[in-house]
Amino acid sequence: MTSAWEAIKALATGFATTFVHLFRKPITEQYPEYKRPLPARSRGRIILTRDPDGEERCVACFLCSAVCPVVCISMEAAEKEDGRRYAAWFRINFSRCIYCGLCEEACPTSAIQLTPQFEFAGSDIMSFVYEKEDLLVNHQGKDSHYNFYRYAGVTTRVGDKGEHVGEKEPVDIKSNLP
Ligand code: SF4
Ligand code: SF4
């Protein structure tokens with residue numbers, strides 16, 4: 001059974017804690033007037049970036065679409081005359097996206113990236129369906145140097161076979177014949 005002394009002690013401890021906090025600097029942040037700078041790796045709105053040559057990075061490989069746990073990415077692949085693949089259309093339904101970042105992890109070209117931007121709430125659910133023109137930006141995002149086609153071993157105007165970074169000369173298969 002609680003004695004009167006223990007009750008007074010508990011009460012005094014509570015008041016002492018309140019008293020200490022009276023003299024502490026408030027840490028309330030007045031959002032949205034003040035917006036705390038978020039780390040570059042925060043997972044918010046998704047963008048499609050370009051490589052340092054200004055070309056679209058996305059090669060429409062479907063890896064992001066395949067890995068997405070809520071199936072909110074869709075696209076159609078197409079190919080240019082120089083052999084570069086691209087997405088004829090690319091769509092993300094942000095009303096389903098859970099900002100897990102798996103699409104960014106899976107992307108071999110560093111095209112799809114999550115950004116710290118999280119302020120795009122709305123009441124019209126269809127406004128959360130973003131098309132390629134809404135997603136494609138004119139910069140490289142977090143990865144300022146990477147150009148997939150400089151490593152890919154695919155002949156494009158970036159380079160022929162054997163000319164890419166760290167790539168060996170192609171083997172003449174006829175030289176292996178007896
Ligand atoms: S962040 Fe996750 S849920 Fe959103 S599009 Fe990428 S893989 Fe899908
Ligand atoms: S964004 Fe990346 S993973 Fe998705 S289709 Fe384009 S290249 Fe492939």
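# Questions on a predicted model

Reader: Over how many bridges do β3 and β5 pair?

Author: This is a predicted model, and what follows describes that model. In it, β3 and β5 run in the antiparallel sense. One of their bridges joins I92 to Y130 in β5, and another joins N93 to V129. The number of bridges between β3 and β5 is 2.

Reader: What is the order of the strands in the open sheet?

Author: The open sheet is formed by 3 strands with antiparallel pairing. β2 and β5 (129–130) each have a single partner strand, so each stands at an edge and has one side without a neighbour in the sheet. The order is β2-β3-β5.

Reader: Over how many bridges do strands β2 and β3 pair?

Author: Strand β2 covers residues 73–79 and strand β3 covers residues 85–93. E76 is bridged to W89 in β3, and A78 stands opposite Y86 in β3. The pairing is antiparallel, and the number of bridges is 7.

Reader: Which residue takes a positive phi in the hairpin of β2 and β3?

Author: The hairpin of β2 and β3 has 5 residues between the strands. A phi near 95° is found there, and the residue that takes it is G83.

Reader: Which residues are in contact with I92, leaving aside its neighbours within four places in sequence?

Author: I92 has Y130 as its bridge partner in β5. I92 is also named among the residues of the largest nonpolar core that touch the most other members. With neighbours within four places in sequence left aside, the contacts of I92 are I46, C72, I73, C97, Y130 and L135.

Reader: Which elements give two or more residues to the largest nonpolar core?

Author: The largest nonpolar core has 23 residues, and L48, C58, C64, I73, I92, C103 and I112 touch the most other members. The elements that give two or more residues to this core are β1 (46–48), β3 and β4 (112–114).

Reader: How many residues of the shell around ligand 1 are charged?

Author: Ligand 1 is surrounded by 14 residues, and the closest are C68, C97, C100, L102 and C103. By class, the shell around ligand 1 holds 13 nonpolar residues and 1 polar residue. The count of charged residues in the shell around ligand 1 is none.

Reader: How many residues of the shell around ligand 2 are nonpolar?

Author: Around ligand 2 are C58, V59, A60, C61, F62, L63, C64, A106, C107, T109, A111 and I112. In this shell, 1 residue is polar and no residue is charged. The number of nonpolar residues around ligand 2 is 11.

Reader: Is F62 buried or exposed, or partly exposed?

Author: F62 lies in the loop between β1 and α2 (63–67). Its phi is near 75°, a positive value in a residue other than glycine. Because 15 other C-beta atoms lie within 10 Å, F62 is partly exposed.

Reader: Is V71 buried or exposed?

Author: V71 is found in the loop between α2 and β2. V71 has a positive phi of about 50° although it is not a glycine. Since V71 has 10 other C-beta atoms within 10 Å, V71 is exposed.

Reader: How many residues of α1 are buried?

Author: Helix α1 spans residues 4–22 and has 19 residues. From its first C-alpha to its last, α1 reaches 27 Å, close to the 27 Å expected at 1.5 Å a residue. α1 is hardly covered, and the count of its buried residues is 0.

Reader: Which residues does a cis peptide bond join?

Author: P32 is found in the loop between α1 and β1. The cis peptide bond there has an omega of about 10°. The residues it joins are Y31 and P32.

Reader: What distance separates the C-alpha atoms of R150 and A12?

Author: R150 lies in the segment after α4 (132–135) and counts as partly exposed, with 18 C-beta neighbours inside 10 Å. Neighbours within four places in sequence left aside, R150 is in contact with V158, G159, H164 and V165. R150 and A12 are 138 residues apart along the chain, and their C-alpha atoms are separated by 70 Å.

Reader: What distance separates the C-alpha atoms of L177 and A66?

Author: L177 lies in the segment after α4. With 6 C-beta neighbours inside 10 Å, L177 counts as exposed. L177 and A66 are 111 residues apart along the chain, and the separation of their C-alpha atoms is 41 Å.

Definitions and conventions
Residues are numbered from 1 along each chain as its sequence is written. Chains are lettered from A and ligands numbered from 1 in the order in which they are written. This is a predicted model: local features need pLDDT of at least 70, side-chain atom pairs count only at pLDDT 80 or more; totals for chains, interfaces and linings use all residues. Two strands pair if DSSP finds at least two bridges between them. Helices (H or I, at least four residues) and strands (E, at least two) are DSSP runs, numbered from the N terminus. A residue is near a molecule or strand if its C-beta atom, placed from the backbone, lies within 6 Å of it. Ala, Val, Leu, Ile, Met, Phe, Trp, Tyr, Cys and Pro count as nonpolar, Asp, Glu, Lys and Arg as charged, and the others, Gly among them, as polar. The expected span of a helix is 1.5 Å times one less than its number of residues. A residue is buried if 20 or more other C-beta atoms lie within 10 Å of its own, exposed if 12 or fewer, and partly exposed in between; C-beta atoms are placed from the backbone. A nonpolar core is a set of buried Ala, Val, Leu, Ile, Met, Phe, Trp, Tyr and Cys residues joined through C-beta atoms within 7 Å. Two residues are in contact if their C-beta atoms, placed from the backbone, lie within 7 Å.
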